[in-house]
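Work through the exercises below with the sequence and the model side by side, and try each task before reading its solution.

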Amino acid sequence: MTSDLGMGGIPFEYTVAAQSGAKVRFKRLLLILVYVVFTAASVIGIALSRLGAPFIALVPLVLWVLIFLTWRYTKIEYEYSFLAGVMTVSRITGNRARKVIVTVAVSEADSIFPDDERTAEKLARFRPENVLVVPAAGSGTFPYVMLWCDKNGKRCALRMQLIEGSLKIVKTYNRAALSN
């Protein structure tokens, strides 16, 4: 029997936008500065070279192409996909480039718990060799940490954002690992 919990081949997906932290704000400010300097340098260069008005018309077109190719790197989202108990977390840049960060079966998790003030102590006890952080926040999301050992025996930790539907999937596939 299939259900809406991502079991039986029915996928469950959601996307969470990345926090607009200092690094993203710095990138945006730097890109705006590049756009302004490019425009000013182009207009001054064309005026000094006596190429005339026809070439000044190219500046907005080149600026549009520059913005189109670079601004997308300031928009980052994370997609969580659940299919048959396997969770895949992907990073999406500018609604175009997708990179899978991690794929793990929920049933392989040793522990899944809320990311709160006791997290540092739990991580210190588990001693993960690989810590993956999905720095995303959105309305209706809950910060959680998943601990597991991968196929090579390497201890891994994933700091992530879950929503109510994904918590149901986690409970379905690994109730023992989930702690509140």
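**Exercise 1.** How many residues does helix α1 have, and how far does helix α1 reach from its first C-alpha to its last?

*Solution.* The model is a predicted one. Begin with the boundaries: helix α1 runs over residues 22-49 and has 28 residues. Next take the span, which is 40 Å from the first C-alpha to the last and close to the 40 Å expected at 1.5 Å a residue. Finally, look just past the end of α1, where Arg50 takes a positive phi of about 60°.

**Exercise 2.** Identify the buried residues of α1 and what covers them.

*Solution.* The buried residues of α1 are Val24, Leu31, Tyr35, Ser42 and Ile46. Their cover includes α2 (53-56) and α3 (58-70). Tyr35, for instance, has a relative accessible area of 8%, which counts as buried because the cut-off is under 20%.

**Exercise 3.** Classify the aromatic pairs of the structure, of which there are 2.

*Solution.* Since Tyr35 lies in helix α1 and Trp71 in the loop between α3 and β2 (76-83), the pair ties together parts that are 36 residues apart in sequence. Trp71 counts as partly exposed, at 32% relative accessibility.

For Trp64 and Phe68, the ring centres are 5.4 Å apart and the planes stand at 15°, so the pair is stacked. Both residues lie in helix α3, 4 residues apart, which is about one turn of the helix. Trp64 is exposed, with a relative accessible area of 54%, while Phe68 is partly exposed at 41%.

Methods: Residues numbered from 1 in each chain as written. Predicted model: local features only at pLDDT ≥ 70, side-chain atom pairs only at ≥ 80, totals over all residues. Heavy atoms only, no water. Helix = DSSP H or I, 4+ residues; strand = E, 2+ residues; numbered from the N terminus. Expected span 1.5 Å × (residues − 1). Buried < 20%, exposed > 50% of the residue type's maximum accessible area, 1.4 Å probe, protein only. Contact = heavy atoms within 4.5 Å. Phe/Tyr/Trp six-rings, centres within 6.5 Å; stacked < 30°, edge-to-face > 60°.
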